[in-house]
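I opened the model and looked up a few places in turn. My entries follow.

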Amino acid sequence: MDSKRDKDQDAEFEKITAVLLKSRTGEFDLESILFLKLRGLGIHDLGCIGECINLERLDLSGNNVTNLAPLASLRLLSVLNLSANRISNLEPLRSCDCLQNLNVAGNIISSIESLHCLQPLRKLENIRFKDNTYNYSNPVCRNTSYRTIVLEMFPTIKVLDGERVVGRGSDLYQLCKDIDDTIKAGLYKNGQLIEHPDCKPWVEDSYWEIKRSNNAIIEEAYKQFNDVLHECRLLNNRATHVISQTERSMSLKKQPKQYAI
């Protein structure tokens with residue numbers, strides 16, 4: 001009996017239904033659902049998910065999804081995780097104007113041309129087609145020029161495959177990547193780096209120097225903050241001392257009186 005019930009439950013999960021969505025979120029109205037996590041349920045049919053028109057974050061990773069057509073109506077969707085499915089066509093995502101973060105690693109996207117549909121998404125900042133942590137990828141990633149082409153196609157993205165390409169930290173990441181590439185290229189011989197006369201430093205000599213602020217207002221603010229912090233510590237010590245004394249006096253009062261006979 002239990003095995004039959006489990007089998008029926010698994011069959012229900014193969015397709016997204018209103019009952020499934022309401023039971024997972026506790027919402028009575030599909031339009032009220034803003035966040036949805038349907039990871040690893042064996043889903044292959046997205047069913048009525050398109051009725052969640054106010055959905056902002058959706059996790060469908062680890063399923064058997066092939067057709068994304070129902071997602072076309074989710075115009076407020078900003079974060080979408082479709083990793084580890086069987087997706088080859090991303091065309092329905094063209095209308096998801098608010099999409100900022102997209103993870104489609106671990107699918108069967110095979111060509112650069114299939115990515116053109118994502119170009120109109122001006123808010124897209126983070127795209128992942130492969131994930132080395134889970135060994136997820138796509139056939140398109142085998143293209144030797146894959147990274148260069150994708151960055152040209154999406155000049156506004158900040159993170160590609162988990163690697164920051166612009167913004168804070170990108171210079172340091174690129175520096176470390178260049179070092180790794182140099183090592184992998186076999187420029188070390190017998191443990192020694194082969195010197196090249198035309199080599200230049202990656203950064204200027206003053207790159208690593210800590211630059212002090214000349215702004216007197218900022219320095220004064222730091223000083224005032226440290227003074228306030230010091231006062232807070234003193235008050236904390238006093239409060240701790242008072243509390244310990246109070247607890248000690250209360251414990252003495254609670255002790256039963258002893259009489260000598």
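**Entry 1: Leu-102**

I listed what Leu-102 touches, leaving out residues up to four places away in sequence: Leu-80, Leu-93, Leu-118, Leu-124, Asn-126, Ile-127 and Arg-128. Contact here means heavy atoms within 4.5 Å. This is a predicted model, where local features need pLDDT of at least 70, side-chain atom pairs count only at pLDDT 80 or more, and totals for chains, interfaces and linings use all residues. Residues are numbered from 1 along each chain as its sequence is written, and side-chain values use heavy atoms, with hydrogens and water left out.

I placed Leu-102 in strand β4 (residues 101-103). Helices (H or I, at least four residues) and strands (E, at least two) are DSSP runs, numbered from the N terminus. Is Leu-102 buried or exposed? Leu-102 is buried, at a relative accessible area of 0%. Buried means under 20%, exposed over 50%, partly exposed in between (1.4 Å probe, protein chains only). I also checked Val-79, 23 residues away along the chain: its C-alpha atom is 6.2 Å from that of Leu-102.

**Entry 2: helix α3**

Which residues of α3 (residues 146-153) are buried? I found Tyr-146, Val-150 and Met-153. Viewed down the axis of α3, the buried residues fall within an arc of 60°, so they line one face of the helix. The arc is taken over the directions from the helix axis to the C-beta atoms. Their cover includes β6 (159-160).

**Entry 3: two positive phi values**

I looked at Asp-161, in the loop between β6 and β7 (163-164). Its phi is positive, about 55°, though Asp-161 is not a glycine. Asp-161 counts as buried, at 9% relative accessibility. Ala-84 sits in the loop between β3 (79-81) and β4. Phi of Ala-84 is near 60°, again positive in a residue other than glycine.

**Entry 4: second largest pocket**

Ala-84 came up again, in the lining of the second largest pocket. Also there are Arg-39, Ser-61, Gly-62, Asn-81, Ser-83, Asn-103, Asp-131, Tyr-134 and Tyr-136. A pocket is an open set of points on a 1 Å grid over the protein atoms alone, where a 1.4 Å probe fits, with protein on both sides within 12 Å along at least five of seven lines; lining residues have an atom within 4 Å of a point. I noted about 160 Å³ of space in this pocket, a volume being the space filled by probe spheres set on the points.

**Entry 5: whole chain**

I recorded 5 helices and 9 strands. Buried residues make up 28% of the 261 residues.
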